[in-house]
Amino acid sequence: MQIAKPPCGNARLGGAWPLTLAAVLFFAGAPFAQKDSAQQTPASARAPAVLFTLKPLGHNVFAAIPNPGSGSGGNSGIIIGDDGVAVVDTFQTAAAARQLLEAIRKQTQLPVKFVINTHYHLDHVAGNGVFAEAGAVIFAQTNVRDWIHSENSKFFGAAITPEQKAMVAELMAPEVVYDRGVDLYLGSRRIDVRVFPGHTGGDSVVMVPDAEVVFTGDLFWNHMLPNLIDASTEPMMATLTALASANAPAAFVPGHGEVGTARDVTEFRGYIANLRELVGQARVQGKSGDALADAVLPQLREKYGQWGIFDHFAKRNILDTAAELDGTKKIPKPAATAQ
Ligand SMILES: [Zn+2]
């Protein structure tokens with residue numbers, strides 16, 4: 001696969017809110033106290049000018065992978081059709097979204113017609129407004145419309161500032177929602193958007209059949225530990241099995257990490273299965289809380305210690321999975337059933 005030149009040399013850093021905040025939110029789910037960048041060099045001084053690398057996947061489909069330290073959040077994608085463009089996820093900052101728009105303009109002058117949000121997490125939706133302003137319609141699973149405002153504040157912890165609250169409140173919500181999926185057309189090019197369970201309860205997978213590309217959102221992290229804060233891991237495994245077997249030759253664009261293959265998806269499923277098994281064994285031994293995490297962590301490290309952000313998410317993954325197996329895990333509920 002050829003790696004294109006980065007899309008843009010003149011970044012406008014900052015955006016609608018401080019990049020310091022954005023850099024931290026790359027790990028949606030990380031308590032802010034852990035990464036108090038106020039004590040360190042301002043993130044805006046560290047962030048690279050080019051916020052992501054555009055990777056051509058053939059047939060006018062591209063993945064946009066955030067550059068390290070850019071604070072741009074999750075991966076995005078570009079699908080160019082006969083009469084317009086669709087964008088999959090919009091990064092974590094307006095600055096990155098603007099660079100994506102500039103990158104699209106270098107490929108085509110066709111209008112950006114559709115944006116699909118794979119799920120509500122801030123690091124995938126914060127640039128929605130940039131594309132809405134450019135004329136795009138934002139699509140997502142029904143729950144995203146509520147959760148984009150009701151659930152994203154939790155990532156800032158108890159010490160959330162008024163500015164952070166306002167930023168979440170101002171996120172552009174999807175304008176068209178669906179329960180199970182939608183077919184979108186860019187002239188003769190069809191895009192299949194399908195809902196799969198596992199990461200949040202409102203996750204869409206975006207498939208481009210004629211290019212054999214699958215954008216998975218955060219249902220798949222490529223050789224990285226995932227954020228499981230909202231996850232239901234049993235259906236997540238079924239989703240990963242289904243995606244890998246139905247799209248064996250496809251390029252899989254994960255929510256985080258490099259573009260992968262069906263085999264990488266299956267390896268990631270193996271991580272979730274191992275995690276559940278190890279946590280299950282520790283529970284049978286009567287362990288819970290920190291004792292359970294201490295028992296599982298070395299076993300997990302032995303096999304997956306080389307995976308990205310292991311140290312950041314391993315203990316959280318263990319505790320989240322223990323809570324899930326205990327039946328005590330709190331995950332977002334659809335607005336109609338929320339208490
Ligand atoms: Zn996510």
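Predicted model: local features only at pLDDT ≥ 70, side-chain atom pairs only at ≥ 80, totals over all residues.
His 223 is located in the loop between β11 and α8, and its phi is near 50°, a positive value in a residue other than glycine. Most residues other than glycine have a negative phi. A positive phi, of about 55°, is also found at His 59, which is not a glycine either. His 59 belongs to the loop between β1 and β2 and, because 13 other C-beta atoms lie within 10 Å, is partly exposed.

The strands β1 and β2 belong to an open sheet of 7 strands, which follow one another in the order β1-β2-β3-β4-β5-β6-β7 with mixed pairing. Strands of a sheet pair through backbone hydrogen bonds, either parallel or antiparallel. At the edges of this sheet stand β1 (52-56) and β7 (176-178), each of which has a single partner strand, so that one side of each is left without a neighbour in the sheet. From one strand to the next, the twist averages 20°. Strand β2 (residues 61-66) runs antiparallel to β1, and the two are joined by 5 bridges; Pro 56 stands opposite Phe 62 in β2.

Strand β2 also contains Ala 63, which counts as buried because it has 24 C-beta neighbours inside 10 Å. When neighbours within four places in sequence are left aside, the contacts of Ala 63 are Lys 55, Leu 57, Asn 75, Gly 77, Val 253 and Val 259. Of these residues, Gly 77 is 14 residues apart from Ala 63 in sequence, while their C-alpha atoms are 4.5 Å apart in space.

At β6 (137-141) and β7, helix α6 (residues 142-150) lies across the strands and runs at about 100° to β6. Within α6, the residues Asn 143, Val 144, Arg 145, Trp 147 and Ile 148 are buried, and the buried residues of this helix pack against α4 (122-125), β6 and β7.

Another open sheet is formed by 5 strands in the order β8-β9-β10-β11-β12, again with mixed pairing. Its edge strands, β8 (181-186) and β12 (251-256), each pair on one side only. On average, and with direction ignored, neighbouring strands of this sheet are turned by 25° against each other. Strand β11 (residues 213-221) runs parallel to β12, to which 5 bridges join it, and Trp 221 has His 256 in β12 as its bridge partner. Helix α8 (residues 233-246) packs on the sheet, where it touches β9 (189-196), β10 (203-208) and β11, and its direction makes about 160° with that of β11.

A packing of two helices is found between α9 (residues 262-284) and α11 (residues 310-326), whose axes are 9 Å apart and form an angle of about 65°. This angle makes α9 roughly perpendicular to α11, and the crossing of the two helices is right-handed. On the side of α9, the contact involves Leu 275, Arg 276, Val 279, Gly 280 and Arg 283, which meet Asn 317, Ile 318, Thr 321, Ala 322 and Leu 325 in α11. By class, 5 nonpolar, 3 polar and 2 charged residues make up the contact of α9 with α11.

Terms used: Residues numbered from 1 in each chain as written. Axes fitted to C-alpha atoms, helices over the stretch in contact; angles between N-to-C directions. Helix = DSSP H or I, 4+ residues; strand = E, 2+ residues; numbered from the N terminus. Parallel < 35°, antiparallel > 145°, perpendicular 65-115°, else oblique. Left-handed = near helix turned anticlockwise from the far one by under 90°. Contact = placed C-beta atoms within 7 Å. Nonpolar A, V, L, I, M, F, W, Y, C, P; charged D, E, K, R; others polar. Pairing = 2+ DSSP bridges. Buried ≥ 20, exposed ≤ 12 C-beta atoms within 10 Å, placed from the backbone.
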